[in-house]
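This briefing describes the fold, the packing and the aromatic contacts of one protein. Please read it alongside the sequence and the structure shown here.

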Amino acid sequence: MKLTIFKRLTFGYAAILLLVLFLGVYVTLKLNQLNGLSREIATVHVNRLTLTEHFLDKLFSQVSFEKKYLISGDSDFLKKFWDIQHQIIEDIRKVEALQNIEENKDMFNQIQTDYGQFLLLFRTEIEALQKNPGYPRLKFQQQKDNLVDQINQRLKQMIHISRLQRDKKINISSQISARVLQVTTITDALAILLGLLV
């Protein structure tokens, strides 16, 4: 069957049109994937990192006011301690909502348990102090320090895991961008070649 000029033009431009259509669909899908990754990085990973780091900062600030109160007996330090506790509880709720893997969930549950024990121990110590100024302060302090150390280590581990997850998503985004550029270049080259052949 002899191909006329019209048929050659038709087949050639149909092929070019299919290439352009493929490129449009491919780029649209990959851009949606990139947008999803960017949104996840911005709304989940960055928020989780920020909140976890704030939690850690507030915890040490709270421990500082706890020590100041026990040394001075100043009620302003005690009030500040409980104010920070309300802020930490709020951060805990927000961080908990952003946990997406079982490892983080288990670790965060343990952090909440340890933090609850820390608060309970401090309340018990206040009662002991009010009843008897010669209460075993060192024993209480060692138990609280152990709990704070455990919370600190787990929070740092969560921060490390969150950074790894964030970096992994950023790496995937870079790979998708590079692939889109590669496919676009090849498709454009094929379209130009087909145009010249036609």
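A charge sits over a ring if NZ of Lys or CZ of Arg is within 6 Å of the ring centre and within 35 degrees of the ring normal. In this protein, K68 lies over the face of F65, at 5.0 Å from the ring centre. The model is a predicted one: local features need pLDDT of at least 70, side-chain atom pairs count only at pLDDT 80 or more, and totals for chains, interfaces and linings use all residues. Residues are numbered from 1 along each chain as its sequence is written, and side-chain values use heavy atoms, with hydrogens and water left out.

**Fold and overall dimensions**

- The protein has 4 helices and 0 strands, where helices (H or I, at least four residues) and strands (E, at least two) are DSSP runs numbered from the N terminus.
- Read from the N terminus, its elements follow the order α-α-α-α.
- Along the principal axes, the C-alpha atoms fill a box of roughly 110 × 25 × 20 Å.
- The radius of gyration is 30 Å, whereas a compact globule of 198 residues would have one near 16 Å; the value is taken over C-alpha atoms, and the globule rule is 2.2 Å times the number of residues to the power 0.38.
- Contacts (heavy atoms within 4.5 Å) with a separation of 6 or more come to 81% from residues 24 or more positions apart.

**Surface and burial**

- The accessible surface is about 12,200 Å², and 61% of it belongs to carbon and sulfur atoms; areas come from the Shrake-Rupley method with a 1.4 Å probe, and for residues only the protein chains shown count as cover.
- Of the 198 residues, 35% count as buried, which means under 20% relative accessible area, with exposed being over 50% and partly exposed in between (1.4 Å probe, protein chains only).

**Nonpolar cores**

- A nonpolar core is a set of buried Ala, Val, Leu, Ile, Met, Phe, Trp, Tyr and Cys residues joined through side-chain atoms within 4.5 Å.
- The largest core has 37 residues, and F55, F81, F108, I111, Y115, F118 and F122 touch the most other members.
- Helices α1 (5-72), α2, α3 and α4 (137-197) each supply at least two residues of this core, and its largest share, 11 residues, comes from α3.
- Another core, of 7 residues, lies apart from this one and has Y26, L34, L37 and I176 among its members.

**Aromatic pairs**

- There are 10 aromatic pairs in the structure; rings of Phe, Tyr and Trp (its six-membered ring) pair if their centres lie within 6.5 Å, and planes under 30 degrees apart count as stacked, over 60 as edge-to-face and the rest as tilted.
- F81 and F122 form a tilted pair because their ring centres are 4.3 Å apart and their planes are at 40 degrees.
- F81 lies in helix α2 (residues 75-97) and F122 in helix α3 (residues 102-131), so the pair ties together parts that are 41 residues apart in sequence.
- F81 is buried, at a relative accessible area of 0%, and F122 is likewise buried, at 0%.
- One aromatic cluster is formed by F55, Y69, F81, W82, Y115, F118 and F122.

**Selected residues**

- Leaving out residues up to four places away in sequence, Y115 touches L59, Q62, Q85, I88, I89, I92 and I151.
- K169, in helix α4, is buried with a relative accessible area of 17%.
- Beyond its neighbours within four places in sequence, K169 is in contact with L37, E40, I41 and H45.
- L51, in helix α1, is buried with a relative accessible area of 14%.
- L51 and K94 are 43 residues apart in sequence and 7.6 Å apart in space, C-alpha to C-alpha.
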